[in-house]
Amino acid sequence: VGHSGVGKSSLVNALAPELDLETGEVKRGDGTGRHTTTRSSLFDLGDGIRVIDTPGVREFGLWDLEAADVRASFEDFQPYATGCRFSDCTHIHEPSCGVLEAVERGDVAQARYDAYRRIVESVDD
């Protein structure tokens, strides 16, 4: 799954060249691909491997999700969350937050924490 023109069909072609899926040329100006695939197709590559080639997706969204659901989804934060001063810590602004301390030490990747923050900030609590 991905945006239009990112190379989903090209990737399937790399895995199974015999499928010879239609792909578009890369635009010269910005180096992006072109929308080509118009419907989803399932391909059985053998050995129990199946791939679905899909048209591009414009946007992903999360519905009926609360910040607490996001916190629970980041299971890799849980060992550090036990060190939080508050049991309902959001891992964003509270003092003595075990997750923030783990990020500062490098035990939790900054990019992973940044993704968490973006998701938490995008949901209505």
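Predicted model: local features only at pLDDT ≥ 70, side-chain atom pairs only at ≥ 80, totals over all residues.
**View 1. The largest pocket and the residues around it.**
The largest pocket holds about 230 Å³ of space, and 20 residues line it. If you look for its centre, the lining residues that lie nearest are Gly-5, Val-6, Gly-7, Arg-34 and Thr-36. Helix H1, which spans residues 8-15, supplies the largest share of the lining, with three residues. By residue class, the lining has 13 polar, four charged and three nonpolar members.

**View 2. Thr-37 and its neighbours.**
Thr-37 sits in the loop between H1 and strand S1 (41-46). Is Thr-37 buried or exposed? Its relative accessible area is 16%, and because buried means under 20%, Thr-37 counts as buried. Leaving aside residues up to four places away in sequence, Thr-37 touches Ser-9, Asp-53, Thr-54 and Pro-55. One of these neighbours, Ser-9, also makes a polar contact with Thr-37, side chain to side chain, at 2.8 Å.

**View 3. The two faces of helix H1.**
Here we turn to the helix that contains Ser-9. Along H1, the buried residues are Lys-8, Ser-9, Val-12 and Asn-13. Why do these residues share one side of H1? They cover an arc of only 140° around the axis, so they fall on the same side of the helix. Leu-11 and Ala-14 are exposed, and they are found on the face turned away from the buried side. Among the elements covering the buried residues of H1 are S1 and strand S2 (49-53).

**View 4. Helix H4 and the glycine that follows.**
The last stop is helix H4, made of residues 98-105. Which residues of H4 are buried? They are Gly-98, Val-99, Ala-102 and Val-103. These residues lie on the same side of H4 because they cover an arc of only 140° around the axis. That buried set packs against two helices, H3 (78-81) and H5 (110-122). On the other side of H4 you will find Glu-104 and Arg-105, which are exposed. Just after H4 comes Gly-106, whose phi is positive, at about 90°.

Methods:
Residues numbered from 1 in each chain as written. Heavy atoms only, no water. 1 Å grid on protein atoms, 1.4 Å probe; cavity = no way out; pocket = protein on both sides within 12 Å on 5 of 7 lines; lining within 4 Å. Points joined across faces, edges and corners; volume = space filled by probe spheres on them. Helix = DSSP H or I, 4+ residues; strand = E, 2+ residues; numbered from the N terminus. Nonpolar A, V, L, I, M, F, W, Y, C, P; charged D, E, K, R; others polar. Buried < 20%, exposed > 50% of the residue type's maximum accessible area, 1.4 Å probe, protein only. Polar contact = N/O pair within 3.5 Å; in protein donor to acceptor, adjacent residues only side chain to side chain. Contact = heavy atoms within 4.5 Å. Arc of directions from axis to C-beta.
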